[in-house]
Amino acid sequence: MRDRPAGRIGSLDGLRGVAAAVVLVHHALLVVPTLSAGNNGQPIPANRAWLVDSPLHVFWAGGEAVFVFFVLSGFVLTLPALRRRQDWVAYYPSRLLRLYVPVIASVALALVWFLLVPRVPSPGASGWLLRHVEPLTAGGLVGDVTLLSPTRLNSPLWSLTWEVAFSLLLPLFVLIAKATHRVWWVTALAALLLSGLGRQFHEDWLMYLPMFLLGSALAAGWERIPEIRRGTGWVLAVLAVLGITFEWWVPRSMVGIHVPIVVVASAGLIVLLCGKWLPAERLMLGRVPRTLGRLSFSLYLVHEPITVSVGLLLPTSLPWLTPFIAIPVAIVVAGLFARLVELPAHRLAKRVAKSITVRRARVGSASTHPAAAASPLADDDRTAA
């Protein structure tokens with residue numbers, strides 16, 4: 001078994017970048033009417049069905065890519081809390097700043113796109129594009145910036161609602177992970193079953209939150225999970241692709257609770273492969289995935305209003321031009337957004353967390369050692385240390 005550093009797992013950053021790219025391609029292709037119809041389960045011409053109702057859907061499986069995001073979030077937020085003591089008082093303001101500052105900026109940017117390119121219906125436009133034609137209201141903007149009820153002004157924000165919910169509940173997920181680390185696979189199986197039940201009963205919280213729990217379970221068992229052998233990894237990689245696209249190629253008559261379970265399990269398997277199987281690790285550590293990984297959050301936040309605007313500006317007879325225009329524009333804008341908004345927000349969140357932790361340590365030290373609190377030199381000594 002290869003030695004692994006206890007820090008960040010770089011290949012998972014690359015996976016996050018690839019998942020963001022899949023969501024970008026997903027939305028760009030939904031501007032095409034036939035693909036939009038097929039994505040909604042409507043019949044489409046046979047010459048397009050191969051891209052929709054087959055494992056090739058993996059290249060634009062946007063919803064499934066979001067499931068990978070959820071599992072990843074569960075993993076990357078739980079793992080550090082298992083490895084070292086977590087200052088929860090500092091965690092909450094830091095995490096909320098990390099999420100909400102970019103979200104609010106992305107809503108402002110989406111508003112600019114809305115004002116520049118009014119969302120008016122165009123005959124012949126795709127169903128997905130037409131669903132974005134809705135009025136702008138003050139209540140809708142409040143729902144967007146708070147993530148309480150995101151609108152289609154920037155519809156990917158719906159997933160951030162669940163990211164925030166998980167972030168607020170993280171201590172509970174960490175507690176479960178710690179309590180079940182020896183039987184982490186039981187927690188993983190329970191998470192899959194609960195997510196499947198949530199899909200079956202149309203309960204979003206029951207469907208989505210267990211996906212984060214699956215990531216937490218993987219974090220709990222990470223050190224116990226062996227490296228995946230090369231031959232076994234190829235078999236699992238094929239199963240992961242077939243599983244993550246299961247809902248697209250399985251006959252409709254076979255759809256049931258097992259379908260979401262297979263899809264979510266495949267999302268977990270993809271995370272596992274990218275962290276424990278050398279060929280997948282090397283792929284995700286490549287220049288393109290790592291670059292996309294650094295931009296992933298920004299790309300996710302800014303791409304859809306750009307895609308919608310390009311789709312509305314183009315003639316409805318040329319929807320296939322949308323990916324070739326919207327994708328590079330979104331990547332450039334995401335790079336600027338990351339530099340001007342996301343990275344400063346990240347640095348601010350880290351400073352806030354450090355400030356709270358230091359202040360709490362000083363208060364605790366002062367209360368434990370009254371004599372030290374009375375000495376002006378004591379604080380200087382601790383700061384220097």
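His 132 is buried, with a relative accessible area of 0%, where buried means under 20% relative accessible area, exposed means over 50% and partly exposed lies in between, as found with a 1.4 Å probe on protein chains only. This histidine sits in the loop between helix H6 (127–130) and helix H7 (138–146); helices here are DSSP runs of H or I with at least four residues, numbered from the N terminus. The model is predicted, which is the reason that local features need pLDDT of at least 70 and side-chain atom pairs count only at pLDDT 80 or more, while totals for chains, interfaces and linings use all residues. Residues are numbered from 1 along each chain as its sequence is written, and side-chain values use heavy atoms, with hydrogens and water left out.

Around His 132, leaving aside its neighbours within four places in sequence, the residues in contact are Arg 119, Arg 152, Ser 155, Glu 304 and Val 308, contact being defined as heavy atoms within 4.5 Å. With one of these, Glu 304, the side chain of His 132 makes a polar contact of 2.6 Å. A polar contact is a pair of N or O atoms within 3.5 Å; within protein, one must be able to donate a hydrogen and the other to accept it, and residues adjacent in sequence count only if both atoms are side-chain atoms.

Ser 298 counts as buried at 0% relative accessibility, and, apart from neighbours within four places in sequence, Ser 298 is in contact with Ala 334, Phe 337, Ala 338 and Glu 342. The side chains of Ser 298 and Glu 342 are joined by a polar contact of 2.5 Å.

Side chains of opposite charge can pair when their charged atoms come close. A salt bridge is counted when a side-chain nitrogen of Lys or Arg is within 4 Å of a carboxyl oxygen of Asp or Glu, and the structure holds six of them. In one, Glu 342 pairs with Arg 98, and the closest N and O atoms are 3.3 Å apart. This pair links distant parts of the chain, since Glu 342 is in helix H16 and Arg 98 in helix H5, 244 residues apart. Glu 342 is buried, with a relative accessible area of 6%, and Arg 98 is buried too, at 19%.

Another salt bridge joins Glu 163 and Arg 95, with 3.9 Å between the closest N and O atoms. Glu 163 lies in helix H8 (residues 157–179) and Arg 95 in helix H5, so the pair ties together parts that are 68 residues apart in sequence. Both Glu 163 and Arg 95 are buried. The side chains of Asp 87 and Arg 360 also meet in a salt bridge, at 3.4 Å from N to O. Here the partners are 273 residues apart, with Asp 87 in the loop between H4 and helix H5 (88–116) and Arg 360 in helix H16 (residues 321–368). Asp 87 is buried, with a relative accessible area of 18%, whereas Arg 360 is partly exposed, with 44%.

The nonpolar side chains give another view of the interior. A nonpolar core is a set of buried Ala, Val, Leu, Ile, Met, Phe, Trp, Tyr and Cys residues joined through side-chain atoms within 4.5 Å. The largest such core has 92 residues, and those with the most contacts inside it are Leu 12, Leu 15, Phe 75, Leu 160, Val 271 and Leu 301. Helix H4 gives the most to this core, with 12 residues. Apart from this core lies another, of 18 residues, among them Leu 35, Val 52, Ala 125 and Val 308.

In H11, Gly 233, Ala 237, Ala 240, Gly 243 and Ile 244 are buried. Seen down the axis of H11, these buried residues fall within an arc of 135°, so they line one face of the helix, the arc being that of the directions from the helix axis to the C-beta atoms. They pack against helix H4 (62–83), helix H12 (246–249) and helix H13 (258–276), while the face turned away from the buried side carries the exposed residues Trp 234 and Val 235.

Terms used: Helices (H or I, at least four residues) and strands (E, at least two) are DSSP runs, numbered from the N terminus.
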